[in-house]
Amino acid sequence: MNNQTNLKPSNVYLITAVASLGGLLFGYDTAVISGAVGGLRSYFVSPLSENINIATEAIVEFKGLITICTLVIFALFSSFIFKFFKKVTAIGIMVVSILLIGSLLYSNFLSDSNELSENLGNSILGFMVSSALVGCIIGAAVGDRIANSIGRRNGLIVAALLFIISALGSAYPEKLPFLMAGNLTTFIIYRIIGGIGVGLASMLAPLYIAEMAPANMRGKLVSCNQLAIVSGMLVVYFVNYFIIKGQADDWINNIGWRYMFLSECIPAILFFFFLLIVPKTPRFQVLKGNEDAAIAVLTKYNGSSRASEILEDIKKSFKTKKAPWLSYGWAIIIIGLLLSIFQQFVGINVVLYYAPEIFKGMGMETDASMMQTIIVGAINLLFTVVAMFTVDKFGRKILMIIGSIFMAISMLGLGTVLYADSSGIVALLLMLLYIAAFAISWGPVTWVLLSEIFPNKIKGVMAVAVAVQWLANLVVSWTFPMMNNNSHLNELFNHGFAYWIYGIMAVLSAFFIWKFVPETKGKTLEEMESIWEAEGTLESKIN
């Protein structure tokens with residue numbers, strides 16, 4: 001009786017809505033760049049070809065920034081190496097990696113002259129678009145420490161502040177210079193700051209919801225975060241469209257792109273203030289020894305009769321011993337990493353980040369290209385919802401394989417259409433088919449699989465998979481302009497080359513799922529653990 005009397009579903013929905021704003025900002029920040037690509041090229045990259053001195057200074061700063069980003073990413077991933085290997089082996093791997101990465105970076109980038117070339121210009125544009133992903137890697141890597149030091153809610157408050165700082169700095173880099181850096185470098189740094197916010201929100205928002213929601217509502221409420229991410233993308237597509245609607249290209253290239261970034265301040269400020277009125281999670285309160293505060297929150301959101309039971313479960317969970325990451329062998333590790341890599345290598349974020357530019361490349365006017373981008377966002381949202389309601393009915397593998405097949409058809413077909421220089425309605429339909437196929441499969445289902453395949457004893461491996469996913473996203477998003485805007489490739493393939501690459505990756509992803517990924521539908525976490533225990537035992541015998 002007490003349980004029913006005290007439990008107020010409206011309270012649960014309120015905190016879910018607040019936390020899901022973190023997911024919405026995640027989608028907003030990563031997709032806002034889509035409408036600004038043309039403006040960024042015109043404002044930051046094109047002037048470099050007109051002034052040698054400005055170009056040289058910008059290129060030197062760009063090389064330095066890439067070097068620093070490489071070192072930071074390497075340092076973050078080095079911490080993972082020590083989790084997999086013994087100390088001596090890990091140090092050996094790190095030394096070899098430093099020598100290999102350093103030599104490649106120097107010989108293929110740093111040693112080049114500081115003169116602007118077509119490839120370097122495309123590389124600068126690609127990194128400007130994808131630079132937030134460096135921050136995402138950092139945010140995801142430190143998210144666990146943030147969650148356990150200042151808490152899930154306070155971590156989200158930090159993310160909200162980072163979103164606000166990034167929005168202001170990205171919109172007006174010349175007025176808010178970062179340590180006397182040039183405009184281009186300053187813009188990239190502010191995008192990285194926003195990316196750290198995205199990385200934090202991507203981990204802390206679902207964690208906050210999961211720890212606050214009653215068990216019987218947890219799955220539905222946590223899935224709201226994924227829905228919020230896709231909704232954020234759709235919202236910003238509308239915002240970008242109404243900002244540039246009816247405006248001349250000169251205004252868009254000088255002013256319009258600033259308003260796109262600046263618009264993020266509105267949801268970020270709302271997120272910040274709403275977070276001040278929601279509680280810290282019971283699990284964090286127990287972690288810090290505040291059991292009275294924890295029981296008060298548990299009573300409010302779960303009812304008094306369940307509060308004490310949940311409190312005891314939380315206290316017991318802290319006693320669970322973590323196992324070495326290789327306790328179940330390499331198979332589970334490699335499968336988890338490849339799930340993350342393939343999710344990005346099929347090219348989804350190329351479409352999400354560069355959609356207006358892709359449509360303009362098909363001959364559409366600016367307004368029309370932005371409207372087509374809204375359609376892309378709507379299809380993404382619609383089929384994400386479909387996936388949420390079908391993943392438990394049809395299973396994970398079948399959705400992933402079907403999605404891969406249709407993505408392969410779409411990307412190979414789109415590349416062929418562009419190669420034949422006969423774009424138009426066929427290219428648009430292929431693009432929409434691709435988005436629908438991804439949204440019903442590799443978009444949401446990858447996260448379902450990652451949450452299910454790793455046993456609780458080695459859940460920390462998921463942090464590696466998430467970091468690798470952001471890194472793969474960075475590689476794909478950075479290299480797309482270098483392929484799509486390359487004069488030599490376009491003479492041979494007329495913009496079709498990049499899409500054929502993504503189509504081939506989709507084919508490989510279907511084979512990977514069919515051959516190596518187990519079906520997790522209907523299996524308990526304990527049953528999944530027994531599968532990997534058998535794999536680990538077999539591997540140990542072979543070794």
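Okay, hi everyone. Before we start: the model is predicted, so local features need pLDDT of at least 70 and side-chain atom pairs count only at pLDDT 80 or more, while totals for chains, interfaces and linings use all residues. Residues are numbered from 1 along each chain as its sequence is written, and side-chain values use heavy atoms, with hydrogens and water left out.

Let's begin with the overall picture. The chain has 25 helices and zero strands; those are DSSP runs, helices being H or I with at least four residues and strands E with at least two, numbered from the N terminus. Its radius of gyration is 24 Å, close to the 24 Å that the globule rule gives for 543 residues, so the chain is as compact as a globular protein of that length. That radius is taken over C-alpha atoms, and the rule is 2.2 Å times the number of residues to the power 0.38. The C-alpha atoms fill a box of roughly 70 × 55 × 45 Å along the principal axes. Of the 543 residues, 53% count as buried. Buried means under 20% relative accessible area, exposed over 50%, and partly exposed in between, with a 1.4 Å probe and protein chains only.

Now, the rings. How many aromatic pairs does a search of the whole structure find? It finds 29. Rings of Phe, Tyr and Trp (its six-membered ring) pair if their centres lie within 6.5 Å; planes under 30 degrees apart are stacked, over 60 edge-to-face, and the rest tilted. Take Tyr 241 and Phe 242: they are edge-to-face, 5.3 Å centre to centre with 70° between the planes. Tyr 241 is buried at 11% relative accessibility, whereas Phe 242 is exposed at 53%.

Another edge-to-face pair is Phe 480 and Tyr 499, with centres 6.1 Å apart and planes at 70°. Phe 480 lies in helix H22 (residues 461-484) and Tyr 499 in helix H24 (residues 497-516), so this pair ties together parts 19 residues apart in sequence. Both Phe 480 and Tyr 499 are buried.

There's also one aromatic cluster formed by Phe 342, Trp 442, Phe 511, Phe 512, Trp 514 and Phe 516.

And a charge over a ring: the charged end of Arg 258 sits over Tyr 43, 4.8 Å from the ring centre. That label needs NZ of Lys or CZ of Arg within 6 Å of the ring centre and within 35 degrees of the ring normal.

Thanks, that's my tour!
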